[in-house]
Amino acid sequence: MSEENAVGWFCAYTPLEILDAAGLTPLRRFGDPARLEAADALLHQAICPYVRACLASVTDGEGAGDAVVSRHAVFVNSCDGMRRLHDAWRARFPEHFVHLLDLPRNQDRAGERLLAREFLRLLATLEDFTGRTIDARSLREAALRREERRLAYLERARGSSGAARLRLAMGFQSTPADEIPGTEAGGTRGGGVPVLLTGNLLNPEGLVSVLDAAGAEVVCLDLCNGDRAFSSSTLPAGDDLEGLCASLARGYLERRPCARMADARRRADDLVKEVRGTGARGVIYAGLKFCDPYLYDFPRVQKRLREEGIPLLRLESDYADGHVGQLLTRVEAFLEML
């Protein structure tokens, strides 16, 4: 894999199948949580620390925190922080391929049509950039490989929990599609207190490792960098590119939604269903600082879980998680209550 073929991505709604079909190597960026201040010249400090970490990892040319240094990037217009990252990235690297994909908030037919048009626009832009024609056959083959990779993750992750499972999920997202990450699943379930972990994006070496140390058994990682990207198939059906992109858009919108999507009731329903299905005895709601969608989402989730009699603990992360040792007592007290 060469740097020129690598393209960074940041959001679980990025259509990796299209990037694969264009002959590129999509690699998810997780940035460098230890160097957030390196992004201060371009982004305000009161903005998502994941966004700042991603920009910090490329501002000095070292690419710290990510295996392959590439400035090509595809962004999803999923929140204000991500939009600001796109703006800063485009200004910083004007000679590289930088694309912004719009994402509807509604998951209805109109939303599917809008997202399908965005996929076709991305496809056309990639053809101009790479000089390579993307046809229905190449897209269908790329989608099949992605589905096989999704199933491979679910198989490898079976029976594992906590930080080890999150490292594995991140490994599957940040390595080329034809490579299986070497990260061992580990963290075998059994003996801990089963809980469901939901939120936006967490550092496996920080807050999640504290849950392991406290005796939690994370039976579901409902996180943007965890199980959510593998939660359902996006394998499309169709005879031509228009049909395939329409089907692909439907598949992405049917995934387990994040707090940014409009249908809050569906997200709460899915959480309750997952708790009942996995045998979790409580929910830990953990999110990065300055994330407005999850700040708005929490009271709705709290109300619904209270109605269902499901215990809930809320935690906050700054992505670097230098303070997480202080959370151990709170987590232990919550687990004792379950």
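1. Basis. In this predicted model, local features need pLDDT of at least 70 and side-chain atom pairs count only at pLDDT 80 or more, while totals for chains, interfaces and linings use all residues. Residues are numbered from 1 along each chain as its sequence is written, and side-chain values use heavy atoms, with hydrogens and water left out.

2. Helix α9. Ala 264 is found in α9, residues 264-278 (helices are DSSP runs of H or I, at least four residues, and strands runs of E, at least two, numbered from the N terminus). Ala 264 counts as partly exposed because its relative accessibility is 22% (buried is under 20%, exposed over 50%, partly exposed in between, with a 1.4 Å probe and protein chains only).

3. Packing of α9 on α10. The axes of α9 and α10 (residues 292-308) come within 10 Å and cross at roughly 50° (axes are lines fitted to C-alpha atoms over the stretch in contact, with angles from 0 to 180 degrees between N-to-C directions). That makes α9 oblique to α10 (under 35 degrees is roughly parallel, over 145 roughly antiparallel, 65 to 115 roughly perpendicular, the rest oblique). Residues of α9 in the contact include Ala 264, Leu 271 and Arg 276, and those of α10 include Tyr 294, Arg 300 and Glu 308 (contact means heavy atoms within 4.5 Å).

4. Helix α7. Leu 207, Val 208, Val 210, Leu 211 and Ala 214 are buried in α7, residues 207-214. They lie on the same side of α7 because they cover an arc of only 155° around the axis (taken from the directions from the helix axis to the C-beta atoms). Their cover includes α6 (162-173), β5 (193-199) and α11 (328-337). Just after α7, Gly 215 takes a positive phi of about 100°.
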